[in-house]
Amino acid sequence: MRFLFRALTLVFMVALGEAVGDRMRWTRKEMVEIAGYGELKLSSVILTASLLSSSSDPISGATVGIMCHTGHRRRSKVIKAVTNDFGQFTIDLPSDLHAIPDLDKACSIKPLSVPKPYRCSHKIHRGIKLVSSSNGLRFYTAGNITLH
């Protein structure tokens with residue numbers, strides 16, 4: 001009896017789907033609006049910091065990365081940025097990381113590579129701190145990261 005009920009339900013669903021199938025086709029724009037994601041960015045998470053040498057000189061051309069623990073895997077992918085002439089960098093986190101609870105506890109900054117004149121111990125992990133949040137825009141900072 002259960003098998004018969006499931007089979008009839010399946011047949012009915014297929015027949016109904018074919019009958020209304022032509023009316024149920026959406027454009028890409030409509031699908032993006034229905035799903036709530038796509039080209040329209042609903043929120044932004046911006047991270048800024050500065051990388052300095054032990055003598056407080058800015059380190060330009062260094063590669064830094066932010067790693068966030070999502071809870072699903074041991075490590076998340078590393079989002080990278082390169083410091084400018086003033087040792088500063090900005091990272092716009094991908095939207096799949098925006099919903100991590102306690103982002104400031106789950107993410108940390110790490111220098112990945114430092115130019116030769118500044119070779120020093122760059123095995124530093126620096127946490128991030130929420131600076132401001134409004135209208136779907138959150139700013140975090142790691143402050144000044146000094147390499148020794």
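What we have is a predicted model, so local features need pLDDT of at least 70 and side-chain atom pairs count only at pLDDT 80 or more, while totals for chains, interfaces and linings use all residues. Residues are numbered from 1 along each chain as its sequence is written, and side-chain values use heavy atoms, with hydrogens and water left out.

Let's start with the overall layout. The protein chain has 3 helices and 8 strands; helices here are DSSP runs of H or I with at least four residues, strands are runs of E with at least two, and both are numbered from the N terminus. Going along the sequence, you get α-α-β-β-β-β-α-β-β-β-β. The chain has 148 residues, and 30% of them count as buried. Buried means under 20% relative accessible area, exposed means over 50%, and partly exposed is in between, with a 1.4 Å probe and protein chains only.

Now, the strands. Which strands pair with S1? One is S8, in the parallel sense over 9 bridges, and another is strand S4, residues 88–92, antiparallel over 5 bridges. I call two strands paired if DSSP finds at least two bridges between them. Thr48 is a handy landmark: its bridge partner in S8 is Thr141, and in S4 it stands opposite Thr90. S1 is also mostly covered, with 8 of its 9 residues buried.

Then there's an open sheet of 4 strands, antiparallel, in the order S3-S2-S5-S6. S3 and strand S6 (126–127) are at the edges with a single partner strand each, so one side of each has no neighbour in the sheet. Inside that sheet, S2 and S5 pair in the antiparallel sense over 6 bridges, and Met67 has Ser108 in S5 as its bridge partner.

While we're in S5, have a look at Pro111, which sits in that strand. Pro111 counts as buried, at 1% relative accessibility.

On to the core. The largest nonpolar core has 27 residues, and Ile66, Ile91, Leu93 and Ile109 have the most contacts inside it. What supplies it? S1, S2, strand S3 (79–82), S4, helix H3 (103–106), S5 and S8 each put in at least two residues, with the largest share, 4 residues, coming from S1. For the record, a nonpolar core is a set of buried Ala, Val, Leu, Ile, Met, Phe, Trp, Tyr and Cys residues joined through side-chain atoms within 4.5 Å.

How many disulfides does the structure hold? Cys68 and Cys107 form it, with their sulfur atoms 2.0 Å apart. The torsion about the S-S bond is about 110°, so this disulfide is right-handed. Cys68 is in strand S2 (residues 63–68) and Cys107 is in strand S5 (residues 107–113), so the pair ties together parts 39 residues apart in sequence. Are these cysteines buried or exposed? Cys68 is buried at 0% relative accessible area, and Cys107 is buried at 2%.

Most residues other than glycine have a negative phi. Ser56, though, has a positive phi near 65°; Ser56 lies in the loop between strand S1 (44–52) and S2, and counts as exposed at 54% relative accessibility. Asn135 has a positive phi too, near 50°. Asn135 belongs to the loop between strand S7 (129–134) and S8, and is exposed at 81%.

Last stop, the surface. Val131, Leu137 and Phe139 make a nonpolar patch of about 230 Å². Patch residues need over 30% relative accessible area and no salt bridge; nonpolar side chains (Val, Leu, Ile, Met, Phe, Trp, Tyr) are joined within 5 Å, like charges within 9 Å. A salt bridge is a side-chain nitrogen of Lys or Arg within 4 Å of a carboxyl oxygen of Asp or Glu. Areas come from Shrake-Rupley with a 1.4 Å probe, and for residues only the protein chains shown count as cover. Phe139 is in strand S8 (residues 137–146), and is partly exposed at 31% relative accessible area.

That's my tour, thanks!

Technical notes. Disulfide = S-S within 2.5 Å.
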